[in-house]
Amino acid sequence: MHEGHQDKALEKLATEVIGHSIQVHKKLGPGLLENAYKECLLYELHKNNLYAQKEVMTPLVYEEVKLDAGYRIDILVENKLVIELKAVDALNDVHLAQVLTYLKVGNFKLGLLMNFNVKMLKHGIRRVIL
């Protein structure tokens, strides 16, 4: 598949996932624990026929050795889109670094860092591109 086509398909997937995330946020509102949003988003993705897995282990490869460094992606959609959910006062550089690490060690191109503890979810979403 052509890389430009793959990029467009990945962006389309990200837009779709953001739409489902906004639906979850509208129904639940801010103030819940991260895990509640994760489970509801996972349900919403499955309901809309998207392949999504939670707590996906991603090993760190050092030279030729695979190490279990405890990296777990909150939700991986269609084996290519990394979703990291938070329910915090504000996103910070550590959260961004976490998503970048998942992208690097998993060889993914795009991640969505989402903070559900905001009045409007669109203000709590950051696209992270590697």
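Mentor: A residue counts as buried under 20% relative accessible area, as exposed over 50%, and as partly exposed in between (1.4 Å probe, protein chains only). At 25%, Y71 is partly exposed, whereas Y102, at 5%, is buried. This is a predicted model, in which local features need pLDDT of at least 70, side-chain atom pairs count only at pLDDT 80 or more, and totals for chains, interfaces and linings use all residues. Residues are numbered from 1 along each chain as its sequence is written, and side-chain values use heavy atoms, with hydrogens and water left out.

Trainee: How many aromatic pairs does the structure hold?

Mentor: Rings of Phe, Tyr and Trp (its six-membered ring) pair if their centres lie within 6.5 Å; planes under 30 degrees apart count as stacked, over 60 as edge-to-face and the rest as tilted. The structure holds 2 such pairs. The ring centres of Y37 and F116 are 4.6 Å apart with planes at 25 degrees, so this pair is stacked.

Trainee: Which parts of the chain does the pair of Y37 and F116 link?

Mentor: Helices (H or I, at least four residues) and strands (E, at least two) are DSSP runs, numbered from the N terminus. Y37 belongs to helix α2 (residues 34–47) and F116 to the loop between β6 (110–115) and β7 (125–129), 79 residues apart. Y37 is buried, at 0% relative accessible area, and F116 is likewise buried at 0%.

Trainee: What is the geometry of the aromatic pair that Y71 and Y102 form?

Mentor: The pair of Y71 and Y102 is edge-to-face, with 6.2 Å centre to centre and 80 degrees between the planes. Y71 lies in the loop between β3 (65–67) and β4 (72–77), and Y102 in helix α3 (residues 93–106), so the pair ties together parts 31 residues apart in sequence.
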